[in-house]
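Q: Please take a close look at one part of this model. I would like its setting in the chain first, then the detail around it.

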Amino acid sequence: MQVLSVSEVNHQIKSLLETTFLQVSVSGEVSNCTHHSSGHIYFTLKDKDSSLKCVMFRGNARNLRFKIEEGMNLQVNGAISVYVPRGEYQLNCTYATPSGIGELTLAYEQLKKEFEKLGYFDKKLPIPKFPKRIALITSSTGAVLHDMLKIASRRWKLTQFTLFDTLVQGEGAKEMIVKNIQHADTLRFDCIVLARGGGSLEDLWAFNERIVVEAIFNAKTPIVSAIGHEPDVVLSDFASSLRAPTPSAAMELLLPDCNEWLLTLDALHSNLEVTFKKILNKKLDKLSQIELLLQKLSPFSKLQRLEEKLQIQNELLISKISHKLAIHSTKLEPFSIKITQKIEQILNIKGNILLALNAKLEAKNPNLQKKGFLKANINGKVIENLKEIDVGSTLILEDCSAKAKVQVLDKTLF
């Protein structure tokens, strides 16, 4: 018998196994699962009686749409290989699908739970009530665009729409969706609408992709997700600010109904008129009250009231003075009689004194009408003293009966 080395035995086993088990399909429960930093996945498939080591290298792992986790039931496809240095064999997995549930369904649930933990579904930006500019991220060739614009034209003609023609299915769709979201987010739209028609989970998968959900979460513009029909729910619905069951419904949710608003404006106008009239009437009543109050408190009214009050006080004063005068007149009447009598008595006495003085004056008065008295003057000047007369002067002598011109011949002084 030929003696073989350990390496030779392991190489022969490797050749035998790898040529015998080129393609196998194995199902079992995942245990000891490790996601290596290199991108490789190491795990063990087991059932109640046995276990099988498995590896899925990075190239194949990248194609998985779900994450292999501990305890998951999988059906894997691949080939048996032998790791010669340790003499161990393992299943080199090329593809894996979950048992009992579809691959996309599982991937959907896993991503949803992960995004919920990351808070991607918590950010909700307010949607403007009257959007002026809306970005439409959808395909230009589908019926979705025509339906949305038709409804928008019927509901509200004041909104401007900008189309970002976008792949919504297949290879490159997720990258294009992200690119257009990021571009539209820089152009200051009032909101962005992601839209596409209905389809299978596979058809709508682009809107479940991580990069799409992250782009929605990072956007500063509110985003409306309008993907598929009513039963279709994608992860972009949860990450967006608003989920519309259909693209057409998105227009009805976003845009106001012009007919309803016209009716509302008519009602508001009527209510405004009624309210304005009520307010106006109240203000007019208040203004009338203020006007009356101003008239009452105006300087002219106050002056008039003061004049009336003064007039009354004046009449009262005159009445009181008249009354006082009447009282004092009665009291003064006896004194008046006495004063009159006293005055008469004094006048009589003074009159008698005056008569006596007058008699004395008459006795000394050089009256020209008496005999022996003459009036003498020189050149119209009355002579009061004979000392003033010079000898030889010419005098005019005058009495009541005649005038005489005389010449002084001699003068003797006493």
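A: The secondary structure of the protein chain comes to 10 helices and 14 strands. Helices (H or I, at least four residues) and strands (E, at least two) are DSSP runs, numbered from the N terminus. The model is predicted: local features need pLDDT of at least 70, side-chain atom pairs count only at pLDDT 80 or more, and totals for chains, interfaces and linings use all residues. Residues are numbered from 1 along each chain as its sequence is written, and side-chain values use heavy atoms, with hydrogens and water left out.

Overall form comes next. The C-alpha trace spans about 230 × 55 × 50 Å along its principal axes. The radius of gyration of the protein chain is 70 Å, whereas a compact globule of 414 residues would have one near 22 Å. That radius is taken over C-alpha atoms, and the globule rule is 2.2 Å times the number of residues to the power 0.38. Of the 414 residues, 29% count as buried. Buried means under 20% relative accessible area, exposed over 50%, partly exposed in between (1.4 Å probe, protein chains only).

Arg-196 lies in strand S8, residues 191-196. Arg-196 is buried yet has no salt bridge. A salt bridge is a side-chain nitrogen of Lys or Arg within 4 Å of a carboxyl oxygen of Asp or Glu. The nearest side chain of opposite charge is Asp-203, 5.2 Å away. For charge, Lys and Arg count as positive and Asp and Glu as negative; His and the chain ends are not counted. A polar atom of the Arg-196 side chain does lie 3.2 Å from the backbone oxygen of Gly-198.

The surroundings of Arg-196 follow. Leaving out residues up to four places away in sequence, Arg-196 touches several residues, including Thr-138, Val-144, Asp-203, Phe-207, Ile-227 and Pro-247. Contact means heavy atoms within 4.5 Å.

Pro-247 leads on to helix H8, residues 247-254. The buried residues of H8 are Pro-247, Ala-249, Ala-250, Met-251 and Leu-254. Their cover includes S8, along with strand S6 (133-138), helix H4 (143-155), strand S7 (160-165) and strand S9 (223-227).

Arg-188 lies in the loop between helix H5 (173-185) and S8. Arg-188 is exposed, with a relative accessible area of 74%. Its phi is near 60 degrees, a positive value in a residue other than glycine.

Methods: Polar contact = N/O pair within 3.5 Å; in protein donor to acceptor, adjacent residues only side chain to side chain.
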